[in-house]
Structures are given as C-alpha cells and as structure tokens.
Amino acid sequence: MVTNKQKRLSKATIDQANHVSIVAIAEANGIALVHQSNGYWRGVEHDSLVINDKKNLFRWNSRDVGGGALDFVQHYLGISSFREAVAYLSHADLEKADTITRKVREPFQYGFKNSPDFSQAAKYLTTVRKLDPQIVDLLHRKGFIQQDEHGNAIFVWSKKDKIVGATVQGTKIDHEHLGKRGTFKQIAKNSQENFGFNLSLGKPERLLMFEAPIDALSYWSLHRGLNDVTLMSMDGLKPNTVKQGLIYFCEKNGHAPSEIAFGVDNDASGHVFYDQMRSEHALASVPYTSLIPADQAIPHECLAPVVSAAKQAAIPTVALMAYAKVVVNLQPGQGMANGYHYQDALTKGSLEALPDVANQIKPYLQANGVDWQAFFKQQAPDLATVDRNNLVTRIGEVAQRYQRGDFQVVHDVPKDWNDRLQIHDRVKRKVLTLEQKVATTERDIEPRQHDQALER
C-alpha cells in the first residue's frame, strides 16, 4: 500500500513551487533586501546574499550555495527536507516570479474574515507561546489581534488609526509541511513597506524595536509594569523600518524618543544588525541601546574550553571570553556575529579552535591588557579603521562587564524574547509544583508528627 508520504511529487507540483518568487519569499519571512540595479537584490543582514528577480535565482556567496526558490527555502529558511520545502511553497500565498516585478504595489486592503470565535488564536498565543492572557485579551478587544476564518492569529498594523498591514501567524502546528518552525507565518499582501505591528503604552518616551510581534508581546508579558513606550515589530531585521518607526514616533508624539532599544534575537544575525545600526545608521540625538535577551549569558559548554585555552596561553580569561563574545557571540560555527566585517577561525569552526585563537592573542598581551589595535591590524590588515575601532571598543566594553562579574553561566540560552518567556514559564511552573507538593505534605502530617519531624 502506498501512503501519501511515499507518493512521488509530480513534476508539475515541483515546478509550481519553484516558480514562487524568491523576493516574495524573503519579504514574507521578514528578510531585509536592498533593491539594486538591473533586477538584483542584496541581503541586509547577509550582504553576500544576492537575488536575481528576473531569473528567480539566488546566490549566497559566503555559504557557497544558490539556486531557485526551493533551494532558497532549504538553505536560507532552514526547511531542510525537499518535500517540506515543496509543501511550504505550495501552502504559502505568495507571488509568482513572472508577476511580482511587473505589479505595482496596491494600497493595503484588510481582506481577512474575522472570526467571532477568538479561542484558537488565544489558545495558541497563551498556552503554546505563553503570552500573558490578560495582554492577549486586551489587544483582541482593542482590535490589535484578530482570528481569521482559518484560525490564524492576525496582528493588525495600525498607523494614525488606519489599518495599513498585518502579520499572519498560523496557530496549527504542522512540522510535516512547515519543517522545524511548525507554523505558518507571513506578512499580508500589500502591507505598508518599512512598517510593522506597533502599539503604545502610556505617554511614550522610548521606542522598542523587535523582530516579530510575538517577541514584542513576550517582552511586555515579562515586564508587566512597562509604560511610556512604543513597541514595534520589524518582521525581520530592517533598517528602513527602524527609520520609519522613528518618524512615526515623532509624528505621533510630537518629540523624538529618548532612546531606541533593540530587542532583536540573541544570535549572529541579531548582533550583526545591532552593530550595523549603531555604526551605520545611528543618530547623534537618539541613543541606540541593546535590549537583546540574555546578552549577559555565557553558555555552560563554553566556560571550560575558554578557561582552559586562556590558561594554556597565559592570557586573561575575560579577554578571550570577550573576544569570542564579540566575534561569534560565544557560538562558534554559527557565522560572524559582529557588524564590523571581522571573521576568524571561530566563525566557521568550533570550540576546538579556541587554543589557536588564544595563542594568536598572546603576543599582544601587555601589562595593562591586550593591545587589540595591534592585534587586528596584524590579523585583518584590510579591515577599515572605523570597523577596527568599533571592534576594540566593543571587546573592551564586554571585558569590563565580565570583570565586574556581570554575567551568568547558563545551560539554556534563550534566542529571543519568546524563548526567554518560555524559560520563565517553565521555572515558574516548577516552583509552583514544589510549593504544591510541600503544602500537600504538610496537610498530610498530623501536628504531633510534624513537630517530631522538625525535631529530628
């Protein structure tokens, strides 16, 4: 008997999936692109990513991969299974390659049919993503979150009391068709460019930027006393959305924010984006600050290798730890994690490369610490002066933080604010379970037995 899983995918199905526009896939998944001449697009967070929208082909030079839409979904979105990639592109409501470059963006129309029953979206957001039920209920009543007829959660983008776009978040877990991510996610068609889901609390003084609506609401769920802020989602990592968010903040509130805080993911891409925002897009009048979750965390598996490598090379542990944090975010093999175009053996390597890196640093150790300027001039002679200065400054800042003891060694490092919320929920439930067990035990013990137990 042949099951659906075992059936061979037809050529027509594969061709149809591969015909989906790569630019549309990127846009729907919040991947920031810069439009260049002759139909070429370049990635913002990975500038070695180049897309030819006329041929619907991409090339990711730093990873030495390329191809069509299916290859893009597998290599860039991480849906590794070919069958899952085909299912994802067949499921997604995306433009075809031969129409996207010829169509003029039309004004956004809210075409979703809101369901009178909000229970499916509410259950997903509160029980799966662990958002505060009171926040979810409030935003639903205010019209910021809806449920469509398919059960998807719709995060409504509002601008001057007008709906200008939406983020669609699936609520049905489907790993078979959607890979590791498990749920469908998309920016609604014709949503306003360089904008996103946003809401204001109190009289906003600060602008907080996040990669996704759920990240923003996770942060609020963890900080229930939050007030006088505007929360905004970029649906990815988009400098132009930050710029438009700042303009909208000024228009709405009559003044600039006291700061823009970036609650982006604690991964290589998030750190590259934050560094680049500070070095290439910063404003003299508005400070850019980090709201990256658990940025002070040191993964437990990194501690012993760093200490050992530093000890063998006779260099300060904090110096090597700070270097690894700035260069690869203490995650060797995950790519460059700084926005200053510096890569080394850790970028594509592993923790096993730490002794070699420590030995490279050793000759530059002086009485007052490592001469990082001399080190980078030798290790990366082609590095721009501004990038080298930024690297030296960042390593110094992180080293001072570690020297003060401002770090935590943890087994579970959250990637984003929703991960942080999930960990908080697990810890809270463990504490409640322990308290419940203690209370149950005390009820079961007679007073005299309890006294005797305490005396023993």
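Me: Hi! Which residue of S14 stands opposite Phe-262?
Reply: Ser-290 is the one facing Phe-262 there. Before we go on, this is a predicted model, where local features need pLDDT of at least 70, side-chain atom pairs count only at pLDDT 80 or more, and totals for chains, interfaces and linings use all residues. Residues are numbered from 1 along each chain as its sequence is written, and side-chain values use heavy atoms, with hydrogens and water left out.

Me: How many bridges join S13 to S14?
Reply: Three bridges connect strand S13, residues 259-263, with S14, and the two run parallel. Strands here are DSSP E runs of at least two residues, helices are H or I runs of at least four, and both are numbered from the N terminus. Two strands pair if DSSP finds at least two bridges between them.

Me: What is the strand order in that sheet?
Reply: The order is S10-S12-S11-S13-S14, which makes an open sheet of five strands with mixed pairing.

Me: And which strands stand at the edges?
Reply: Strand S10 (198-201) and strand S14 (288-290) do. Each has a single partner strand, so one side of each has no neighbour in the sheet.

Me: Which strands does helix H9 touch?
Reply: H9, residues 213-222, packs on the sheet and touches S10, strand S11 (206-210) and strand S12 (229-233). Touching, or contact, means heavy atoms within 4.5 Å. Helix H10, residues 239-253, packs on the sheet as well, touching S10, S11, S12 and S13.

Me: What does Trp-220 touch?
Reply: Leaving out residues up to four places away in sequence, Trp-220 touches Ile-135, Leu-138, Leu-139, Leu-199, Leu-201, Leu-226 and Leu-231.

Me: Switching to rings: how many aromatic pairs are there?
Reply: The count is 22 aromatic pairs. Rings of Phe, Tyr and Trp (its six-membered ring) pair if their centres lie within 6.5 Å; planes under 30 degrees apart are stacked, over 60 edge-to-face, the rest tilted. Take Tyr-323 and Phe-376: their ring centres are 6.4 Å apart and their planes make 20°, so this pair is stacked.

Me: Where do Tyr-323 and Phe-376 lie?
Reply: Tyr-323 is in helix H13 (residues 317-328) and Phe-376 is in helix H16 (residues 372-379), so their pair ties together parts 53 residues apart in sequence.

Me: Is Tyr-323 buried or exposed?
Reply: Tyr-323 is buried, at a relative accessible area of 0%, and Phe-376 is buried at 0% too. Buried means under 20% relative accessible area, exposed over 50%, and partly exposed in between (1.4 Å probe, protein chains only).

Me: What about Tyr-364 and Phe-375?
Reply: Tyr-364 and Phe-375 form an edge-to-face pair, with 5.6 Å from centre to centre and 85° between the planes. Tyr-364 sits in the loop between helix H15 (354-361) and strand S16 (365-366), while Phe-375 is in H16, so the pair links parts 11 residues apart in sequence. Tyr-364 counts as buried at 17% relative accessibility, and Phe-375 does at 0%.

Me: Which residues do ring pairs link into a cluster?
Reply: The cluster holds Tyr-323, Tyr-342, Tyr-364, Trp-372, Phe-375 and Phe-376.

Me: One last topic, the backbone. What is the phi of Lys-160?
Reply: Lys-160 has a positive phi of about 55° although it is not a glycine. Most residues other than glycine have a negative phi. Lys-160 is in the loop between strand S7 (153-159) and strand S8 (162-169), and is exposed at 56% relative accessible area.

Me: And where does His-341 lie?
Reply: His-341 is in the loop between H13 and helix H14 (345-348). This non-glycine residue also has a positive phi, about 65°, and is partly exposed, with a relative accessible area of 41%.

Notes
Axes are lines fitted to C-alpha atoms, for helices over the stretch in contact, and angles run from 0 to 180 degrees between N-to-C directions.
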